[in-house]
Amino acid sequence: AGEVRSARFAGDWPLPWPMWRPSAWNGFFRFWFGMLYQAFSDFGRSIFRPLAAWLALALISAVYYLGQQPDMIAGRANMQAQEYSWFASYVGTTRTAWRRAQPCVNYKPEKGAQISTSGLTETARALTNAPNEALHLAFRSAFIVLDGGEDAAHRIYGCLYGLELYGGSEAAPIVPPNVSAFAAIQKIISAILIFLFGLALRNMLKMK
């Protein structure tokens, strides 16, 4: 830890200059890696920091997944039309959704259409709600390898974003591209934080 700190603003700098020198880029990456390593794990000595960051990321992800539900998007658009800012509309709709247990999206399937959109059955919708499924999706991604199977994915995505019907075939859950991309990023960051937690735990047990 002392070596990393002492190298800052000596050999390691926050900006790579001169940019054509490989040593400048090495110092640049060492500077920011050391800053992040210190902030999120106290150089592999803190169990609380990576755990708190992992939990905060899961909660932020749940808010994001919920916010991508069509009903939530429509609610934000309505608030912004009333001259609310994007941030205020996001916070307002999210708070209301958690307080009122926002129902699952409920599309009405188009009769006779080859491809149409629908929601979960009334029985399934009565057993859950959108905030609950957003939490399920967030922690499913946070644990990386946790997978409830196709039935769980059908329920989670069907509740949040709906189902797509292809003629007479089985309904497929809708997964918006931005949601799948965000989930992938969450998994990568969660893997790093879990590693830092394990490293701190190992160091703590090693010291004892």
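This is a predicted model: local features need pLDDT of at least 70, side-chain atom pairs count only at pLDDT 80 or more; totals for chains, interfaces and linings use all residues.
I take helices (H or I, at least four residues) and strands (E, at least two) as DSSP runs, numbered from the N terminus. I number residues from 1 along each chain as its sequence is written, and side-chain values use heavy atoms, with hydrogens and water left out.

**Pocket.** Lining residues have an atom within 4 Å of a point. I find F33, L36, Y37, F40, I189, I192, L193 and L196 there. Helices α2 (22-41) and α9 (177-207) each give at least two residues to this lining.

**Helix pair.** Next I checked α3 (residues 48-67) against α5 (residues 86-100). They pack at about 95°, axes 11 Å apart. That makes α3 roughly perpendicular to α5 (65 to 115 degrees). On α3, V63, Y64, L66 and G67 make the contact; on α5, Y90, T94, A97 and W98 do. Contact means heavy atoms within 4.5 Å.

**Q69.** Is Q69 buried or exposed? I read 0% relative accessibility, so Q69 counts as buried (under 20% relative accessible area, 1.4 Å probe, protein chains only). Q69 sits in the loop between α3 and α4 (70-81). Leaving out residues up to four places away in sequence, Q69 touches Q102, P103, C104, V105, A130, C159, L160 and Y161.

Terms used: On a 1 Å grid over the protein atoms alone, a cavity is a set of points where a 1.4 Å probe fits but cannot get out, and a pocket is an open set with protein on both sides within 12 Å along at least five of seven lines; lining residues have an atom within 4 Å of a point. Axes are lines fitted to C-alpha atoms, for helices over the stretch in contact, and angles run from 0 to 180 degrees between N-to-C directions. Angles under 35 degrees count as roughly parallel, over 145 as roughly antiparallel, 65 to 115 as roughly perpendicular and the rest as oblique. Buried means under 20% relative accessible area, exposed over 50%, partly exposed in between (1.4 Å probe, protein chains only).
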